[in-house]
Every structure is written in C-alpha cells, then in structure tokens.
Amino acid sequence: MDNLIFKEKIFVTRPLLPPLEEYQLKLKQIWENKWLTNYGPFEHEFQSNLKKLFDAENVELFANGHTSLDLAIKSLDLDGEVITTPFTFASTTQAIIGNNLKPVFADVEREYYNLNPENIESLITEKTSAIIPVHVFGNPCEVKKIEKIAKKYDLKVIYDAAHAFGVKIDNESIVNFGDISMLSFHATKVFNTIEGGALIFKDKELSNKLKALKNFGITPDKEEVRYLGKNGKMNEFEAAMGLCNLNKIDDIFYQRSLIYNRYLECLEDLEDSGDLKLIHPQNNVFYNYAYFTIKLNSIEERDFLYGKLAEYNVFARKYFYPPCNEFPAYDFDRNTPIAKDISNTILSLPLYIGLSLDDVNQISKIIKIELKNFKNL
Ligand code: T4K
C-alpha cells in the first residue's frame with residue numbers, strides 16, 4: 001500500500017489557470033482604463049466570443065452560475081410547480097425554491113443519471129409552469145423528448161447546463177436547446193472565470209430584462225427600476241480570466257479526454273466483471289470530459305472506497321449525495337428510487353489538467369486493490 005500513497009493531496013479537481021503573464025497583460029489594461037465592473041470592455045468581448053463559440057444570438061453574463069439560474073427563472077415569470085431532477089447540486093433546487101416555486105422531482109435514468117423524460121408527463125398538473133432538467137456531469141439530457149413534452153403542455157424549459165460548457169449534440173451546441181440554458185464558470189469547472197455564469201436564450205426580448213435583473217432591476221437606459229432585481233453582474237477580472245482561458249479551450253477538451261479515456265481503459269475490466277459502472281460518452285455527442293464518475297454496488301462499498309482513497313491522499317467526492325429531495329431543510333416527496341440508488345453509490349474521481357496519466361494508473365490500481373479488500377471483509 002505504502003508505495004501507492006500520493007505525496008501530495010490529489011483533489012477531485014484543480015482550477016485551470018492561464019499563464020500568469022497573459023492574465024497580467026489584461027490586468028494592466030484594467031488598470032489603464034479604470035473600468036472594473038458594470039458592463040466593461042472585457043465583458044463585452046467575452047460575451048461576443050461566447051456567442052461565436054455557441055453559435056448563439058443571445059448570451060448574458062453573470063456573477064456566478066447560481067445567480068444566472070435564479071434570474072433565468074425570474075425572467076420567465078414562472079409560477080406554481082416546476083418539474084426537475086433530484087440528482088443535482090443543491091443550487092438547482094434552491095434556485096427553484098428561492099423563486100417561490102414548488103420543485104416536483106421526477107426520477108432519473110440509469111445510463112447518464114439525467115431526468116428521465118418518461119417520468120415527466122405523469123407529474124404535470126394545472127400548476128406546472130416549467131421543466132428544469134440538468135445535463136449532469138456534462139452528459140446531455142434527452143433534449144428532443146423533453147422539447148416534445150414541453151410543446152405539448154406549453155411549458156418553459158430551462159436547462160441547468162452548469163457542467164456542460166462546450167458540449168455539442170449532433171454538432172449543435174447543447175446550450176441552444178430549451179428556452180434558456182445556464183452555464184457555470186466556477187473555478188472547479190472545465191472552463192472558469194474564477195466565479196461566473198451565463199445564460200443562453202432564444203427570445204431576444206429577454207435581453208434587456210436580464211440586464212435589468214442583474215442590476216437591481218434598473219433598465220439599461222437607467223430611467224426606471226422595473227423589476228425586483230439583484231446585483232448579479234460579472235466583473236472585468238472574471239471576464240479577463242474567461243478571455244484568457246477561452247484561448248485554450250480546444251486543448252482543454254483534448255487534455256481532459258486523455259485522462260478520461262485512460263480511466264476508462266484502466267477500469268473497464270471492473271465494469272465487465274460487474275464491480276462498477278462507468279459513463280461512456282454518447283456517440284453523437286462532443287463531450288467536455290467534465291467529471292469522471294464511477295458507480296459502485298452499494299453505499300457501504302462506496303463509503304469504504306471513499307474513505308480508503310483518502311488514506312492514499314486521493315480526495316474523491318460524492319457528487320451528488322444525498323439527492324436534493326432528501327435535504328433535511330425541506331420536506332419533499334422522496335419517491336425517486338433510481339436517483340437515491342445513484343446518489344448512494346456514486347463517486348467522482350480526480351480529473352483536471354495537470355493530473356498525469358501515471359496518476360490515473362495509480363488511482364485505478366488503488367481502486368482495484370481496495371475493492372478486492374472490501375469483498376474480503
Ligand atoms: N447547478 C449545478 C448542477 C452545479 O453543479 C452548480 C455548481 C451550480 C448549478 C451553481 O453554479 P455556481 O454558482 O457554483 O457557478 C463545487 C462548486 O463550488 C460548484 O460550482 C459546483 N457546482 C459543485 C459541483 O462543486 P464544492 O463545495 O464541491 O467545491 P469545493 O470548494 O469543495 O471544491 C472542490 C475541490 O476543488 C476542492 O477539494 C479543491 C479544488 N479547488 C476548489 C477551489 C474552489 C481548488 O483546487 N481551487 C479552488 O479555488 O462545490
């Protein structure tokens with residue numbers, strides 16, 4: 001065991017940072033023009049680069065992903081109930097509750113752990129105003145099926161695409177599906193602006209409303225406070241980080257794919273023997289390799305492995321445990337057995353640029369040894 005212990009802590013992720021000199025050049029410009037926040041030149045440039053990248057007409061930038069999602073919900077004036085997934089980060093559910101809406105949890109599917117469209121229709125009532133699915137770990141939901149249901153019942157769709165930066169489905173950017181998609185640019189994500197988020201949306205009319213909502217409800221002409229807004233603006237330091245990191249985006253996906261595929265190679269035999277389940281990206285999808293997760297066979301096995309990995313200095317994470325409908329803070333219907341099972345048995349392994357393929361070999365070796373040890377307990 002001793003020779004497999006990492007000398008330094010291996011975290012589930014590390015932020016992507018541009019060369020310091022590159023960022024310093026941007027800082028120099030900020031110092032010169034003295035524009036720090038509130039729609040500065042870097043924000044504009046970053047916004048227009050993202051429009052090109054996504055081939056999208058409407059992109060608005062925000063202080064973080066959660067505020068983006070919160071204001072996306074607000075901008076559509078939703079009421080009543082929203083159908084959503086319990087297998088997600090706390091943010092998704094909290095953005096719904098924070099807007100005085102009731103989250104109605106539909107169970108997920110077993111392949112990619114996304115909201116299962118088959119479970120949506122039976123939950124639709126007169127009070128339902130929207131569906132808020134999540135592209136969990138960056139793997140796309142069944143967007144066509146969800147769209148069909150939304151059309152049939154005249155519901156809005158907001159995708160929580162926090163994990164899905166750069167993902168495409170049949171060559172179409174994933175953020176162009178639904179009425180609105182939200183991206184998170186948090187430090188822990190594939191692509192970061194330190195903190196930050198974006199909304200990509202179809203209806204051009206929402207542009208001015210979203211601009212107002214992120215600036216205390218003040219309309220862009222500064223003549224009127226029309227909405228109950230927030231301070232949710234992206235600042236120039238964040239936009240500058242976004243511009244630097246965007247330069248390298250293709251290489252980022254490539255480097256991450258090498259790590260992801262090495263994990264797949266190393267752990268495939270454990271999948272063949274039924275000891276764990278891996279996620280294989282879909283054929284028609286350009287994947288961003290956001291998270292590498294394994295699903296074990298029981299909560300005891302998952303917690304054993306989680307604890308053991310830490311003894312080797314490997315800090316995996318239980319993304320996402322428990323499911324959002326089991327948070328003690330709320331009293332929601334917990335009848336989503338698949339989400340519960342996945343949540344109880346899931347583990348996210350380290351994946352970031354800088355993690356070497358030898359590190360992946362070593363982590364995989366540890367997993368094999370410790371799963372054998374678990375069986376022999
Ligand atoms: N919807 C979904 C589905 C989401 O997953 C998220 C966020 C949101 C909405 C909301 O978007 P944001 O408002 O956050 O933009 C992290 C992130 O804070 C969060 O952004 C993310 N999802 C969630 C899945 O993960 P924690 O509490 O696990 O992060 P933390 O601080 O434990 O960091 C994880 C590891 O990363 C650390 O052990 C070490 C490393 N790390 C982290 C930071 C911040 C670094 O090396 N350097 C750093 O600066 O939530």
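A residue counts as buried when its relative accessible area is under 20%, as exposed when it is over 50%, and as partly exposed in between (1.4 Å probe, protein chains only). This is a predicted model, in which local features need pLDDT of at least 70 and side-chain atom pairs count only at pLDDT 80 or more, while totals for chains, interfaces and linings use all residues. Residues are numbered from 1 along each chain as its sequence is written, and side-chain values use heavy atoms, with hydrogens and water left out.

Helices (H or I, at least four residues) and strands (E, at least two) are DSSP runs, numbered from the N terminus. E3 covers residues 81–84; Glu81 and Ile83 point one way from the strand, Val82 and Thr84 point the other way, and all are buried. Two strands are said to pair if DSSP finds at least two bridges between them. E3 pairs with E4 (residues 102–105) in the parallel sense over four bridges, and Thr84 stands opposite Phe105 in E4. Between E3 and E4 the chain passes through helix H4 (residues 90–98), a right-handed β-α-β crossover. Right-handed here means that, with the strands pointing away from the viewer, the path from the first strand over the helix to the second runs clockwise. E3 also pairs with strand E5 (residues 128–132), in the parallel sense and over four bridges; there the bridge partner of Glu81 is Thr128.

Helix H5 (residues 143–153) has the buried residues Val143, Ile146, Ile149 and Ala150. These residues are on the same side of H5 because they cover an arc of only 125° around the axis, taken from the directions from the helix axis to the C-beta atoms. The buried residues of H5 pack against E5, strand E6 (156–160) and strand E7 (168–169), where contact means heavy atoms within 4.5 Å. On the face turned away from the buried side are the exposed residues Lys144, Lys148, Lys151 and Lys152. Just after H5, Asp154 has a positive phi of about 55°.

Next come the charged side chains. Side chains of opposite charge can pair when their charged atoms come close. A salt bridge is a side-chain nitrogen of Lys or Arg within 4 Å of a carboxyl oxygen of Asp or Glu, and by this rule the count is 21.

In helix H3 (residues 65–75), Asp70 and Lys74 lie four residues apart, about one turn of the helix. Their side chains meet in a salt bridge at 3.4 Å, N to O. Asp70 is buried at 6% relative accessible area, and Lys74 is partly exposed at 23%.

Asp341 forms a salt bridge with Arg110, with the closest N and O atoms 3.1 Å apart. Asp341 lies in helix H10 (residues 337–345) and Arg110 in the loop between E4 and E5, so the pair ties together parts 231 residues apart in sequence. The salt bridge of Glu118 with Lys145 has its closest N and O atoms 3.6 Å apart. Glu118 is in the loop between E4 and E5 and Lys145 in H5, so this pair joins parts 27 residues apart in sequence.

Which residue is buried yet has no salt bridge? Glu238, in helix H7 (residues 236–246), is buried without one, and the nearest side chain of opposite charge, Lys233, is 10 Å away. For charge, Lys and Arg count as positive and Asp and Glu as negative, while His and the chain ends are not counted. Leaving aside neighbours within four places in sequence, Glu238 is in contact with Ala63, Thr193 and Glu195.
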